[in-house]
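Look at the sequence and fold first.

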Amino acid sequence: MPKVLPFLEPPRHCNYHLHITTFLQTLESEGNLASIAFFTVHLLKDLIGLMHDSPSDFMLPGKRSAGGEEVVVDESLIKRTKIDNLIGTSSTVATMGGGNNPNGTTNGKLPIGGGESKQSDIDEDLHSRQLAVYGRETMRRLFASNILVSGMQGLGAEIAKNLILAGVKSVTLHDEGAVELWDLSSNFIFTEDDVGKNRALASLNKMQELNNSVVISTLTTELTIEQLSKFQAVVFTDITLEKATEFDNFCHKHEPPIAFIKSEARGLFGSVFCDFGPKFTVSDVDGEDPHTGIIASISNDNPPLVTCVDDERLEFQDGDLVVFSEIHGMTELNDGKPRKVINAKPFSFSIEEDATNYGQYTKGGIVTQLKQPKVLKFKPLEEAIKDPGEFLLSDFSKFDRPPLLHLLFQALDKFVSESGRYPVAGSEEDAQNLLSLVINMNNELKDGKINEIDEKIVRNFAFGARAVLNPMAAMFGGIVGQEVVKACSGKFHPLLQFFYFDSLESLPVEPLDPNDLKPLNSRYDAQISVFGAKLQKQLEEAKVFVVGSGALGCEFLKNLALMGVSCGSGGKLTITDDDVIEKSNLSRQFLFRDWNIGQAKSTVAATAATLINPNFHIEALQNRASPDTEIVFDDTFWENLSVVVNALDNVNARLYIDQRCLYFQKPLLESGTLGAKCNTQMVIPHLTENYGASRDPPEKQAPMCTVHSFPHNIDHCLTWARSEFEGLLEKTPAEANAYLSNPSEYTSGKEKAGDAQARDNLERVLECLEKERCQSFIDCIVWARLKFEDYFANRVKQLTFTFPEDSVNSSGTPFWSAPKRFPRPLEFSIEDQSHLNFFIAASILRAETYGIPIPEWIKYPTDFADAVSNVIVPDFEPKKNVKIVTDEKATSISTASIDDSVVISELVNKLKLCHQNLPPGFRMNPIQFEKDDDTNYHMELIAGLANMRARNYSIPEVDKLKAKFIAGRIIPAIATATAMATGFVCLELYKVLNGGHKVEDYRNTFANLALPLFSMAEPVPPKVIKHQDLSWTVWDRWILRDNPTLRELLQWLKNKALNAYSISYGSCLLYNSMFTRHKDRMDKKMVNLAKEVAKADLPPYRRHIDVVVACEDDDENDVDIPQISVYFRLDLKMRV
């Protein structure tokens, strides 16, 4: 019998998954298949036994299991699991690549909204943001994919990291070489203790920590062709062209083909080559949802003209295929047949069809884009290298660069094969030898010969050829990682087939001394070989402010630590984030582990970053950067900064940081991601416009009446559902508590307001404290049943009574015309599981607001169903003269009444009587919506509300996950886009910290990994304002020192031929030339005016006040001048 017992009882705090994996690999290397089979069977038996033991026996110390779920046990989760028996049960088996969540939809619960129970193998809590990008099918394909990453220097480590975070089935790390001090410039895994160890083996444990669901193994000997057949995709980052050709030929001809990717990062140059086989099918070329339109009319023509409502512009293009549904009259188009779009316009299009003999269109209809798969043919490397076709461009100012880089990488391969080494940084001889190889190769070309080879580019390429820079590794790690995902899933359009990139603009402006490129026996030697020791010193002494410690923040800290930023004696990096770590963060925010859940993001990230580079001088704060924390981030803090790096996820916070950077004239490096897209923006003092100079148009909001009475898509239903959730479970209980805390003050406030809003608030408080107050769980079930009837039957009956199906507007047109959808009331059925699911969620949450315990009998489906069936539902008769808001410009559904004050008085009296009947100290428990806790029933209720409403209006329903994306306003995110964005930004950071670069040297970037698309361009310069011989931009701030008076300020402006007619501090007017009494203020100090007139509270650290001055020239033309800072403390100095 095999000796496996020592492995069945590992230490309590060990990594179970890694322990077992290591043992199996040992058996496999010995060819002991019988032992593997024996061990696997007994392991499964033990796991099953554990699952049947008591919860405490199954608890691990904060680690995720091999299946991916967090193994945490407390009474609430046990109770939730029991209650879930009522919703639906099925056996659960952990599968590689994604675990089962015992407290969520993955335990076989029926999703609210109907449908059959379907076991999920995806941990939706962990992967929710990634699911929003890829969808379940792509994720399942990833979970079944085995990947080889060969070459574990910086680029290989970045690629492996992104794939492990994505949750592929397995990643095999291959490297035959040993860790060198040189590697520490770009590889976040290695430490100085790893020097001399095999790179793959040194990477294993830390890579495994990223995701215990992924099987990670190593290969440390020379690869053979036969070994490649085990993988769906293979990636090589350090391989000769000859060997790459051999491997690619095998992968190309393999059945099925194995995706082959070759990528290199050489100094400030990088390349990618992809070959996914002779016939590769892309199921979704861009990842966007199919475009849709609501039909307003269709003509009986050949071809017919289809006109849509002008709610939103159509996104159809000529050649798109579309399908029609729900059309009345011209029902021939409802056959589901794809039809080709022609003559596409913003609100109309035609189709290739003869509709002259079709029925006449009467109303209704939805048109939906039909996305078609695309088949691509890849050439093998040996063909593509000779005939590369069109290169994917990233920077149109370098449109002629890719052909040269194509030759350069081939020449480098030849140089290395002939000399056995890379060119030495600063060696003019090696650079000339490489140039000779490039010239010879170019001369041998028959087609595509380069007319003139830029020797400077060749020289820079040669000097940095051995170095792998972290920003380049991060950028290409994101790009290549995404190509692997495409290869394994068919999701998004692959790269065809070569992509070359360089960032020579990142080099210092001054020519580099070859002696400055020599290694110093430090961890930064690779970076020094490209930029020189002088810039390295500037990086180390930088004072940096990183705002945000989420996905972008983690990547930035890793990059900055490897680059040596703020690692010198005078350097310091401050990072702040007021958020804590949640489970959903772990699939992208790679510095966090599952045992960090609940801890402060900035603290954990800072600690992890110092493990990457112990010399990192970093301070972690938990303050939100805002006007409220300017005592923390004061003038001195901002004045001492070298650069600010934003890692934020909302526009308002970005705008605030942008304004602070403007004020203190600090460079701001901005970036953001949305799914597979990313953008970066460089905000450089006096060179570029600021972040707030241009804004995206605001998102279009659905009119209030549409959401409340006339929804026509699921977004409207979910918006309504979330609003109802917050009103019923958060706002109304909070309002009740406000009343209960101080009844007299609350009621007097409402009586003083005397408006419809005050009346509504009082009515809701009275409802939950008297009319609808629940004192037992049965009361909560009754409440849920009556709410169901009110929402989905009675309100619809009233609406259709007020506006029957044949109603017409005052203009004579049908009232129920597009985009309105005529609703139908729902009829409760005890047989409809989605109805019961709604009642479970609603009654449990209602009980929570009243502090009512959940009874044991709820876990029995029959008992709960009987309780619901026993609720007596009163008959409903629609009322006449009920006013329903139909004005799309209305901002509230509450209607004012001349009797509001009378009604409010009556409600106040009723509340007083009601209060007397409440238990002493009675308070409600408001519930704040939390989308990422799958045990709290919040999303069950919101999905239930939305889907029942969708049924009313014949709108397609969604599952709970999709409902979470929309109602929870989840921003889709993937690790690959995040890594790429930070790589782009850090390439710009070299320029910022070196200084002296022109605006044309900087790059703003927009990239979409799904297409793929890379678009880099110079930043826009700031707008220049001129007045006589003066000129200024938004970056300028005029400064007056020596504590001036108002008169002195006015004279100072007069000397510039500017006549000030208004001066304000904040929202308070300090001076206006039209007010004669203001002349009495002329000889007062400006700071005293601010204190006396504006009641300014100036803390001791404040040195100045900022005033806004309105001026005009001598011709009475307004002149927009900069903000003016008036300094009143003379003993302190300021850098300007």
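## Helix 26 against helix 27

In this predicted model, the axes of helix 26 (residues 777–802) and helix 27 come within 8 Å and cross at roughly 125°. Axes are lines fitted to C-alpha atoms, for helices over the stretch in contact, and angles run from 0 to 180 degrees between N-to-C directions. Helix 26 is therefore oblique to helix 27. Angles under 35 degrees count as roughly parallel, over 145 as roughly antiparallel, 65 to 115 as roughly perpendicular and the rest as oblique.

The crossing of helix 26 past helix 27 is right-handed. In such a crossing the near helix is turned clockwise from the far one by less than a right angle; anticlockwise is left-handed. On the helix 26 side, Phe777, Cys780, Ile781, Trp783, Ala784, Arg785, Phe788 and Phe792 make the contact. They meet His835, Phe838, Phe839, Ala842, Ser843, Ile844, Arg846 and Ala847 of helix 27. Contact means heavy atoms within 4.5 Å. By class, this contact has 12 nonpolar, two polar and two charged residues. Ala, Val, Leu, Ile, Met, Phe, Trp, Tyr, Cys and Pro count as nonpolar, Asp, Glu, Lys and Arg as charged, and the others, Gly among them, as polar.

## Helix 25 and its cover

Helix 25 (residues 756–771) has buried residues that include Arg759, Asp760, Leu762, Val765 and Leu769. Buried means under 20% relative accessible area, exposed over 50%, partly exposed in between (1.4 Å probe, protein chains only). Their cover includes helix 23 (714–741), helix 24 (743–753), helix 27 (833–850) and helix 29 (900–916).

## Helix 7 against helix 32

Helix 7 (residues 154–166) packs on helix 32 (residues 975–994) at about 150°, with the axes 9 Å apart. The two helices are therefore roughly antiparallel. Lys161, Asn162 and Leu165 of helix 7 meet Ala975, Thr976 and Ala979 of helix 32. The residues of this contact divide into three nonpolar, two polar and one charged.

## An exposed loop residue

Ile631 lies in the loop between strand 18 (618–621) and helix 20 (635–639). Its relative accessibility is 59%, so Ile631 counts as exposed. The C-alpha atoms of Ile631 and Tyr1101 are 8.3 Å apart, across 470 residues of chain.

## The whole protein

The protein has 34 helices and 31 strands. Of its 1136 residues, 54% count as buried. Helices (H or I, at least four residues) and strands (E, at least two) are DSSP runs, numbered from the N terminus.

## Basis

Residues are numbered from 1 along each chain as its sequence is written, and side-chain values use heavy atoms, without hydrogens and water. Local features need pLDDT of at least 70, side-chain atom pairs count only at pLDDT 80 or more, and totals for chains, interfaces and linings use all residues.
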